[in-house]
Amino acid sequence: MKAVYKRELNSYFNSMIGYVFTAIILIFIGLFFAITNLLNGYPYFAGALSSSVVILVFAIPILTMKSIAEERRYKTDQMLLTYPVKTSAVIMGKYFAMVTVYAVPLLISCLCPMIISWEGAGSFIVDYSTILAFLCLGCLFISIGMFISSLTESQIIAAVGSMGVFLLMFFWTGLISYIPETVPASLIGFLIFVAIIVALLYKLTHSNTLAAVVGVAGGGGLIAWYLIDNTLLGGLLNKFLGVFSITDAIGNFASYNVFDLKGLLFFLSCSALFVFLTIQSMQKRRWS
């Protein structure tokens with residue numbers, strides 16, 4: 001893993017990608033810092049970071065689009081898959097290299113709370129906790145972008161697909177507010193969720209048996225619940241989908257000054273899930 005990590009990290013800074021990515025993140029964080037904190041006198045750097053979340057939607061695909069899609073396009077992934085190391089080590093090396101590149105502008109932005117403190121205002125606890133949440137959110141976005149990159153040979157498709165998913169996540173809270181809280185709406189929503197899981201399992205494993213078992217168990221269980229006692233289904237879909245809101249977790253840190261441990265664990269656990277899915281995607285190619 002160490003060799004892959006060094007190779008990938010060098011590739012980002014031997015080309016312009018690492019520098020362009022760092023510059024984009026720093027420019028936007030700097031602009032929001034200047035407007036929010038220096039001009040308007042807001043005492044918390046967390047406010048500037050909260051406003052900067054949207055830039056991750058467009059910047060992180062620049063970082064992740066080439067991670068595996070480029071390897072697949074030029075067939076160099078076959079060389080990676082024949083390395084005397086596990087596929088998981090290759091993927092983890094790539095992932096940590098991208099996280100390191102992402103961490104560079106965040107480390108530089110750690111100077112901003114110190115600048116605010118010179119005026120005697122602000123809170124290091126609030127600001128650095130929000131920077132930690134921002135780092136964990138970026139880790140999640142990177143894992144999703146890397147997974148999407150593993151599904152295609154086109155960097156453009158990987159980048160556009162990642163942006164689409166990130167935009168959906170960014171507007172998630174507002175979108176789910178339009179979902180009716182009726183029992184039929186919850187049933188249909190959960191059935192769609194089961195169908196997505198079944199499709200993903202089949203895509204990764206090509207096992208008809210596994211996909212069928214999960215589909216029958218999940219769909220049959222939901223229908224049985226609906227027929228026996230559906231009172232608890234009303235509004236349950238909205239509550240379930242609300243758990244996946246990224247803006248609520250960042251808002252707890254930046255707006256309410258609350259250390260949202262549950263939000264951090266959500267970011268990290270979902271990151272681990274998508275890294276695992278990427279490993280499975282590459283394993284399938286290795287043995288196909």
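In this predicted model, helix α2 meets helix α6 through Gly18, Phe21, Thr22, Ile25, Leu26 and Ile29 on the α2 side. From α6 come Val101, Tyr102, Val104, Pro105, Leu106, Ile108 and Ser109. By class, this contact has 10 nonpolar, 3 polar and no charged residues.

**How α2 packs on α6**

- The axes of α2 and α6 (residues 87-109) lie 9 Å apart, and the helices pack at an angle of about 35°.
- The crossing of α2 with α6 is right-handed.

**How α2 packs on α3**

- Helix α2 covers residues 17-39 and helix α3 covers residues 45-64; their axes are 9 Å apart, at an angle of about 160°.
- That angle makes α2 roughly antiparallel to α3, because angles over 145 degrees count as such.
- Here, too, there is a right-handed crossing, with α2 and α3 as the partners.
- On the α2 side, the residues in contact are Ile17, Phe21, Ile24, Ile25, Phe28, Ile29, Phe32, Phe33, Thr36 and Asn37.
- Their partners in α3 are Phe45, Gly47, Ala48, Leu49, Ser51, Ser52, Ile55, Leu56, Ala59, Ile60, Ile62 and Leu63.
- Sorted by class, the α2 and α3 contact holds 17 nonpolar, 5 polar and no charged residues.

**How α3 packs on α8**

- Helix α3 also packs with α8: their axes come within 10 Å and cross at roughly 20°.
- The two helices α3 and α8 are therefore roughly parallel to each other, because angles under 35 degrees are counted that way.
- The crossing of α3 and α8 is right-handed.
- From α3, the contact uses Phe45, Ala46, Leu49, Ser52, Val53, Leu56, Val57, Ile60, Leu63 and Thr64.
- From α8, the residues are Val126, Asp127, Thr130, Ile131, Phe134, Leu137, Gly138, Phe141, Ile142, Gly145, Met146 and Ser149.
- This α3 and α8 contact counts 15 nonpolar, 6 polar and 1 charged residues.

**The largest pocket**

- Now for the open spaces: the largest pocket has a volume of about 1200 Å³.
- Its lining is made of 31 residues, and those nearest the centre of the pocket are Phe193, Ile196, Leu200, Phe244 and Phe274.
- Helices α8 (124-149), α9 (155-170), α11 (183-205), α13 (236-242) and α15 (261-287) each supply at least two residues of this lining.
- Among the contributors, α11 gives the most, with 9 residues.
- The lining of the largest pocket divides into 28 nonpolar, 3 polar and no charged residues.

**The second largest pocket**

- The second largest pocket holds about 180 Å³ of space.
- Lining this pocket are Gly242, Val243, Ser245, Asp248, Ala249, Asn252, Asp260, Lys262, Gly263 and Phe266.
- Helices α14 (246-254) and α15 each supply at least two residues of this lining.
- By class, the lining of the second largest pocket has 3 nonpolar, 4 polar and 3 charged residues.

Notes: Residues are numbered from 1 along each chain as its sequence is written. This is a predicted model: local features need pLDDT of at least 70, side-chain atom pairs count only at pLDDT 80 or more; totals for chains, interfaces and linings use all residues. Side-chain values use heavy atoms; hydrogens and water are left out. Axes are lines fitted to C-alpha atoms, for helices over the stretch in contact, and angles run from 0 to 180 degrees between N-to-C directions. Helices (H or I, at least four residues) and strands (E, at least two) are DSSP runs, numbered from the N terminus. Angles under 35 degrees count as roughly parallel, over 145 as roughly antiparallel, 65 to 115 as roughly perpendicular and the rest as oblique. A crossing is left-handed if the near helix is turned anticlockwise from the far one by less than a right angle, and right-handed if clockwise. Contact means heavy atoms within 4.5 Å. Ala, Val, Leu, Ile, Met, Phe, Trp, Tyr, Cys and Pro count as nonpolar, Asp, Glu, Lys and Arg as charged, and the others, Gly among them, as polar. On a 1 Å grid over the protein atoms alone, a cavity is a set of points where a 1.4 Å probe fits but cannot get out, and a pocket is an open set with protein on both sides within 12 Å along at least five of seven lines; lining residues have an atom within 4 Å of a point. Grid points are joined across faces, edges and corners, and a volume is the space filled by probe spheres set on the points.
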